[in-house]
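My plan is to look up a few local features and write down what turns up.

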Amino acid sequence: MPNGMKDNRFDCVVVGGGHAGVEAAHAAARIGAKTCLLTISRDTIAKMSCNPAIGGLAKGQIAREVDALGGLMGLATDATGIQFRLLNRSKGPAVQAPRAQVDKYKYKAHVRALLEQTPNLTIAEAMVTQIVTERDAVRAVMCRDGRLYEARVVILTAGTFLGGLMHIGAEQFPGGRLDEPAANELSDSLRQIGLVLERLKTGTPARLDAETVALEELEIQDGDAEPTAFSFMTESIDRPQIPCWITYTNQNIHSLIRDNLHRAPLYSGQIASTGPRYCPSIETKIVRFADKDRHQVFLEPEDEERTTIYCNGISTSVPRDVQDRIFKLLAGTENARIVHYGYAIEYDYCPPIQLKGSLETKKISGLFLAGQINGTSGYEEAAGQGIVAGINAARKLQRKEPIVLGRDQAYIGVMIDDLLTRGIDEPYRMFTSRAEYRLSLRADNADRRLTQTGRDVGLVGEKRWSRFQNKLDRISALKSYLKDPSNALPDRISLWDQLRQPDNPLVTTLSEHPDVKNMNLTGDVLQAAIIDAKYEGYLTKQERLVANLKSLESKRIPEDLDYSSILHLRPEAKEKLSAFGPATLAQASRISGITPADITVIQIHMKKTISKIK
């Protein structure tokens with residue numbers, strides 16, 4: 001064994017310091033695994049290579065869920081946010097979601113500081129080139145400089161670095177992010193150990209020098225007067241709020257882009273892989289929505305000092321000269337200096353049907369995948385997978401059953417189940433419409449859904465647990481008071497039933513009710529009771545649906561089940577079920593093309609098989 005090799009022995013190695021990697025490393029280390037986070041550079045830990053924003057519709061719910069489980073994203077957002085907004089405030093709580101612009105420099109510094117304070121966690125700089133296996137199990141990772149890091153579990157969170165190829169017009173150059181190298185050797189290693197890799201594409205817009213943008217001429221978008229925190233540990237946010245600005249493309253810009261489509265990698269044939277449908281480039285918008293006269297562009301500051309501006313809504317990979325002319329034609333940016341140009345990036349990913357629900361690969365024991373390597377897009381989706389992978393890697397070391405969040409428990413559970421059962425042919429993005437139980441999967445109640453799970457696995461500490469218990473006690477006391485008819489004299493209709501009535505003014509005046517006011521309750525406690533009252537009937541119906549689903553979820557399918565041997569199972573079903581390898585009958589039922597009749601055939605086969613064994 002080479003000198004110093006004993007210093008490179010860990011329980012868990014996390015490869016990649018992006019949003020999936022930091023949550024994975026933090027979770028595994030907090031639970032008790034001796035963990036090493038390997039990153040190309042400490043300076044790029046939690047780097048925001050795209051929009052420096054956290055949250056949004058459905059994404060805000062995931063960020064809250066990561067926090068409720070004991071993760072870092074919410075804490076870092078509250079500490080470094082520069083604009084906070086609660087989206088869909090005028091709609092129901094089920095589709096409301098927090099969003100925040102953050103200072104991208106302070107965000108990554110804050111996350112790095114939190115990691116450096118985490119017991120059992122070592123951060124090292126290295127470029128991983130090989131996953132070392134023995135008998136289809138992880139043994140170590142090899143670095144480009146020859147160092148070997150031994151570990152019993154490895155979590156790979158490679159982002160867009162695997163085979164990364166960047167495009168600006170006809171220019172092509174390897175890279176995982178701007179000014180960072182691609183990880184081509186690691187892609188080769190994954191293929192060598194038996195994993196299948198395919199290609200996806202994403203992109204990012206130009207950044208502008210804020211001092212050269214005529215912001216005073218543009219429409220202002222302010223944050224909320226009373227910011228909504230991301231972390232359940234944050235009592236209030238007193239950071240200064242910085243506005244964003246809105247401008248619009250115009251017909252001159254559209255004509256310019258149409259005239260240069262033959263120079264755009266997406267339309268010249270230079271890029272063949274699939275990009276994100278719900279975050280298209282400006283050239284795709286102009287082709288797809290040819291009847292639109294203009295498209296909205298949000299100019300969002302990337303830091304508290306307003307050094308640079310992120311141009312949200314105008315992602316592009318057209319040549320530099322075309323980008324120069326676009327901003328000459330865009331209101332407010334006529335004299336702007338481009339700090340760096342927009343680009344597209346193609347990268348390798350591992351189709352997630354190769355994973356178990358724990359995010360461990362089926363092929364290699366001890367190898368977990370999280371983030372964009374699984375075909376997702378977005379910081380929040382990555383963080384949600386990262387914390388689950390970190391928890392389950394630690395539990396594997398403890399010889400405990402993995403935590404698999406259900407579709408009725410969390411948006412994270414919906415996302416992972418979608419990845420396992422629906423296949424990926426474009427970057428996956430979470431939406432509220434993907435969650436059939438979204439009435440109960442709200443941003444406001446993420447702590448009530450998941451803090452107990454975080455506590456059970458060893459990730460939630462005493463301070464968070466005590467605060468959570470205190471909140472539950474206060475909610476319970478308030479609900480008991482509201483349901484007591486004697487507190488609603490003279491009409492004898494309980495305050496609880498009044499809250500359930502449509503448009504009852506008590507919803508907005510409850511905090512001023514004398515007895516309630518004397519309870520000195522915080523806003524989140526009042527909100528929880530009000531929402532529980534308004535949604536009570538709907539949630540009762542939903543609970544019955546969940547109960548029916550649980551019967552199928554509890555029926556596990558043997559990992560070695562040979563679908564080709566099942567009589568009366570359709571050939572298409574045999575092919576799809578063999579490819580996806582569902583863990584339960586419920587999961588099998590969600591695979592596209594699988595019918596209720598197929599599920600019945602499998603159930604009958606399983607019953608016969610079990611009876612023969614007995």
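**Ground rules**

I am working with a predicted model, where local features need pLDDT of at least 70, side-chain atom pairs count only at pLDDT 80 or more, and totals for chains, interfaces and linings use all residues. Residues are numbered from 1 along each chain as its sequence is written, and side-chain values use heavy atoms, with hydrogens and water left out.

**Entry: the cavity**

On a 1 Å grid over the protein atoms alone, a cavity is a set of points where a 1.4 Å probe fits but cannot get out. A pocket is an open set with protein on both sides within 12 Å along at least five of seven lines. Lining residues have an atom within 4 Å of a point. Grid points are joined across faces, edges and corners, and a volume is the space filled by probe spheres set on the points.

How many cavities of 30 Å³ or more does the whole structure have? The search finds one. The largest cavity holds about 40 Å³ of space. I listed its lining: His19, Val22, Glu23, Ala46, Leu72, Met73, Tyr107, Val111 and Ala383. Helix H1 (19-31) and helix H4 (104-116) are the elements that give two or more residues to this lining. H1 gives the most, with three residues. I took helices (H or I, at least four residues) and strands (E, at least two) as DSSP runs, numbered from the N terminus.

Next I sorted the lining by class. Ala, Val, Leu, Ile, Met, Phe, Trp, Tyr, Cys and Pro count as nonpolar, Asp, Glu, Lys and Arg as charged, and the others, Gly among them, as polar. The largest cavity has seven nonpolar, one polar and one charged residues in its lining.

**Entry: the second largest pocket**

This pocket has a volume of about 1,500 Å³. Its lining has 44 residues, and the closest to its centre are Thr228, Gly523, Asp524, Val525 and Gln527. Strand E5 (97-102), helix H12 (446-457), helix H13 (462-483), helix H15 (506-509) and helix H17 (523-534) each give two or more residues to the lining. Which element has the largest share of the lining of the second largest pocket? H17 does, with eight residues. By class, I noted 18 nonpolar, 13 polar and 13 charged residues in the lining of this pocket.

**Entry: cysteines**

A disulfide is a covalent bond between the sulfur atoms of two cysteines. I used a cut-off here: a pair of cysteine sulfur atoms within 2.5 Å. The structure holds zero disulfides. For Cys12, the nearest cysteine sulfur is that of Cys36, 9.2 Å away.

I also looked up accessibility. Buried means under 20% relative accessible area, exposed over 50%, partly exposed in between (1.4 Å probe, protein chains only). Cys12 counts as buried, because its relative accessibility is 0%. Cys50 has a relative accessible area of 26%, so Cys50 is partly exposed.

Two strands pair if DSSP finds at least two bridges between them. Strand E16 (residues 244-248) and strand E17 (residues 296-301) run antiparallel, joined by four bridges. Thr247 stands opposite Val297 in E17. E17 is also joined to strand E18 (residues 308-312) by four bridges, again antiparallel. Pro301 has Ile309 in E18 as its bridge partner. The hairpin of E17 and E18 has six residues between the strands, and Arg306 takes a positive phi near 55° there.

**Entry: aromatic pairs**

Rings of Phe, Tyr and Trp (its six-membered ring) pair if their centres lie within 6.5 Å; planes under 30 degrees apart count as stacked, over 60 as edge-to-face and the rest as tilted. I count three aromatic pairs in the structure.

Phe10 and Tyr149 are stacked, 6.4 Å centre to centre with 25° between the planes. Phe10 sits in the segment before strand E1 (12-15), and Tyr149 in strand E9 (residues 148-150), 139 residues apart. Phe10 is buried at 8%, and Tyr149 is buried at 3%.

Trp465 and Phe468 are tilted, 5.7 Å centre to centre with 45° between the planes. Both lie in helix H13, three residues apart, about one turn of the helix. Trp465 is buried at 15%, and Phe468 is buried at 7%.

**Entry: a loop residue**

I found Thr333 in the loop between helix H9 (320-329) and strand E19 (338-340). Is Thr333 buried or exposed? Thr333 is buried, with a relative accessible area of 0%. From Thr333 to His110 I noted 223 residues in sequence and 32 Å in space, C-alpha to C-alpha.
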